[in-house]
Amino acid sequence: MHLLRRTQPARQRYGNVRDELGGDLKTRLTDTPSRENHLYYKETNMEAKNVPHVRELLENSPKNWGKWGPDDEVGSLNYLTAAEILKGIATVKQGKSFTLQVRMGDPGGDPVWPGRQSAKRMSVMDRGHYNCGKGPKFPGSYEYADDVMFMYLQGSTQYDALGHVWYDDQIWNGYDADTTIGGLAKASVCAIGERGVVGRGVLIDIARYRNKEVLEAGETFTHLDLLAAAKAQGVSIEKRDILIVRTGWIGSFYRRERAEFYANFKEPGLTYSPELVQWFQDMEIPNLVTDTIANEVTTDPVSGVDLPLHNALMRNLGVTLTEIAQLDPLADDCAADGQWTFLYTAAPLKVVGGTGAPVNPIVLK
Ligand code: UVW
């Protein structure tokens, strides 16, 4: 009953948005997973177990707060020094390049976390305006097209800002969570955009290691599985590598029915353990990139806590998270030529105060 009462106004809001926007957006908006589904998922999940507060789970978890000074906003990206950039450049031998972003504003829908909506691109000026005499005229008589986009900043391949998640009133580096109100005054994605991310990337293909096209919903793996897969691939994960993990999940979005993809939404991914967090800390991993929407298994199967690694890695260690990457073509190429390391370069858009921002990482081999 409680759920039904909350979902009705949400439906009405979507209806109003559709009426204001009009046109074919009406159908596109209904294609996306709804807030109602999200609430249903959350509420049934919370009831299922006596879930501890993430504070209890991470009580003895390591923190890098203060390690790079009281004003730091990019965390573990500080590990990427000139030496790491040169190490990345040294892997470039074949003249191959790959882009890792999924298409944005695809009419068929974009993969997004339930409750968010796919990006919507709208033309606000095009040849049609000129055809009916409404296009602006300029000396020289050129014509032009313009468009706008409405999107969740976490609604495409993106970097999460370090201030994107928190608990106990503090975000990365100990900044007060109140600094997130109305836009991130601290640890926003703009700081990551200003810095850029360049270093040696290593791709670990867990799906291929397990002889699967795609991992199952909710299927988990640990840092020990990453090490075993790396060994099978004949590569080693080195200190300060940008760690890129393929599950096949995002690629499967484009092959599956949307309803099937979002049903009982549980992504596969890394699972929390104190040992895994310590491994990230010891390895000084600056950036975790995955082909899933949230970089870790949706719900930790042991504690029942949702997305604990977001807090253990991002909030506490300052590890930047890159989500919704398209890794299939890169993985196929690495499997074919046996080169699983490369120069990874990326810079999210410099959105002032943003909790995240789209990015199209480029990989060079
Ligand atoms: C959530 O905020 C739920 O996840 P993400 O980091 O994928 O945006």
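What follows is a talk about the labels used for this chain.

Trainee: What kind of model is this, and how are residues numbered?
Mentor: This is a predicted model, in which local features need pLDDT of at least 70 and side-chain atom pairs count only at pLDDT 80 or more, while totals for chains, interfaces and linings use all residues. Residues are numbered from 1 along each chain as its sequence is written.

Trainee: How many helices and strands does the chain have?
Mentor: The chain has 14 helices and 13 strands. Helices (H or I, at least four residues) and strands (E, at least two) are DSSP runs, numbered from the N terminus.

Trainee: What makes a residue buried or exposed?
Mentor: A buried residue has 20 or more other C-beta atoms within 10 Å of its own, an exposed one has 12 or fewer, and a partly exposed one lies in between; C-beta atoms are placed from the backbone. Buried residues make up 40% of the 365 residues in the chain.

Trainee: Why are the buried residues of α9 said to be on the same side?
Mentor: In helix α9 (residues 223-233), His 223, Leu 226 and Ala 229 are buried. They cover an arc of only 115° around the axis, so they are on the same side of α9. The arc is that of the directions from the helix axis to the C-beta atoms. The face turned away from the buried side of α9 carries the exposed residues Leu 224, Lys 231 and Ala 232.

Trainee: What do the buried residues of α9 pack against?
Mentor: Their partners include β7 (242-246) and α12 (274-283). Contact here asks for C-beta atoms, placed from the backbone, within 7 Å. Just after α9, Gly 234 takes a positive phi of about 80°.

Trainee: And why do the buried residues of α12 line one face?
Mentor: Leu 276, Val 277 and Phe 280 are the buried residues of α12. Seen down the helix axis, they fall within an arc of 100°, so they line one face of α12. Exposed Glu 275 and Asp 282 sit on the face turned away from that buried side. The cover over the buried residues of α12 includes α9, β8 (269-270) and α13 (308-317).

Trainee: How do you know that β9 and β10 pair?
Mentor: Two strands pair if DSSP finds at least two bridges between them. Three bridges join β9 (residues 287-290) to β10, and the strands run parallel. Asn 287 stands opposite Thr 320 in β10, and Val 289 has Thr 322 as its bridge partner there. Strands β7 and β9 also pair in the parallel sense over three bridges, with Ile 244 partnered by Val 289 in β9. Strand β4 (residues 158-160) is joined to β10 by two bridges, running antiparallel.

Trainee: What makes both faces of β10 covered?
Mentor: In β10 (residues 320-323), Thr 320 and Thr 322 on one side and Leu 321 and Glu 323 on the other are all buried.

Trainee: What is the largest nonpolar core?
Mentor: The largest has 75 residues, and those with the most contacts inside it include Ile 244 and Val 319. A nonpolar core is a set of buried Ala, Val, Leu, Ile, Met, Phe, Trp, Tyr and Cys residues joined through C-beta atoms within 7 Å.

Trainee: Which residues are around the ligand?
Mentor: They are Trp 113, Gln 154, Asp 160, His 164, Ile 293, Ala 294, His 310 and Glu 323, where the test is a C-beta atom, placed from the backbone, within 6 Å of the molecule.

Definitions and conventions: Two residues are in contact if their C-beta atoms, placed from the backbone, lie within 7 Å.
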